[in-house]
Amino acid sequence: MKMYLSSYELGNETKKLKKMVPANKKLGYVFNALDFTGADQRSTAERVKRSMAKLNALGFDCVALDLKEYFGKPAELRAVVDTLGAVWVSGGNVFVLRQACKLSGFDRLLLDLNQKDDFLYGGFSAGVCVLAPTLNGYQLVDDATDTPFDGLDEVIWDGLCLIGYTFLPHFESNHPESEDIGRALDYLKGKGLPYRTARDGDVIIIQ
């Protein structure tokens, strides 16, 4: 699976992202990291719409992929994702996103998709953080105790293990979470956990 991992939004490598558009241009936009308690649904919808328009301008054919619609229905989710050539996973609360991945089976599905050479995973902030081996450290940035979905009331600390380090977005950036990211960095150093920082605009590309 190819990956385009951004600190914030599309980042500064959109020309490279445009070249990574797969033959199957249909992209599922996953926005469940924005389902945290108290989120403004209208604001979320407008933000997702703007982001999808930017991806469409690069050559993708975006459709919204709401994991909540597939909670307890992993086979149905797999059937939908089998029609896609890419997914884009937005930022928000990484713990909430992890819950949605588990409840829908998206976590196990991504492990299978990782074996495909012609599939693209793109995302930013929480959409990249969830790929780490562990979510330990992110509790200094996001509310780990927020459990907005029925059927799950515990913190999931295991990441998806699709990258080998904790991704720290918004590092030394003009972003509201930059100071918290600095604290998370000190925490990870103290624990001896592998990490990689990214300033807003930075992108990690895995081909």
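This is a predicted model: local features need pLDDT of at least 70, side-chain atom pairs count only at pLDDT 80 or more; totals for chains, interfaces and linings use all residues.

Residues are numbered from 1 along each chain as its sequence is written, and side-chain values use heavy atoms, with hydrogens and water left out.

Helices here are DSSP runs of H or I, at least four residues, and strands are runs of E, at least two, numbered from the N terminus. Helix α2 covers residues 41–57.

Which residues of α2 are buried? Thr44, Val48, Ser51, Met52 and Leu55 are; buried means under 20% relative accessible area and exposed over 50%, with a 1.4 Å probe and protein chains only. They sit on the same side of α2 because they cover an arc of only 100° around the axis, taken from the directions from the helix axis to the C-beta atoms. In general, an α-helix has 3.6 residues a turn, so residues three or four places apart point the same way.

The buried residues of α2 pack against α1 (14–19), β2 (26–30), β3 (61–64) and β4 (86–89), with contact meaning heavy atoms within 4.5 Å. On the face turned away from the buried side are the exposed residues Arg42, Lys49, Arg50 and Ala57.

Just after α2, Gly59 has a positive phi of about 120°.

Last, the cavities: sets of points on a 1 Å grid over the protein atoms alone where a 1.4 Å probe fits but cannot get out. Lining residues have an atom within 4 Å of a point. Those lining the largest cavity include Gly92, Cys129 and Tyr138.

How values were computed:
The expected span of a helix is 1.5 Å times one less than its number of residues. On a 1 Å grid over the protein atoms alone, a cavity is a set of points where a 1.4 Å probe fits but cannot get out, and a pocket is an open set with protein on both sides within 12 Å along at least five of seven lines; lining residues have an atom within 4 Å of a point.
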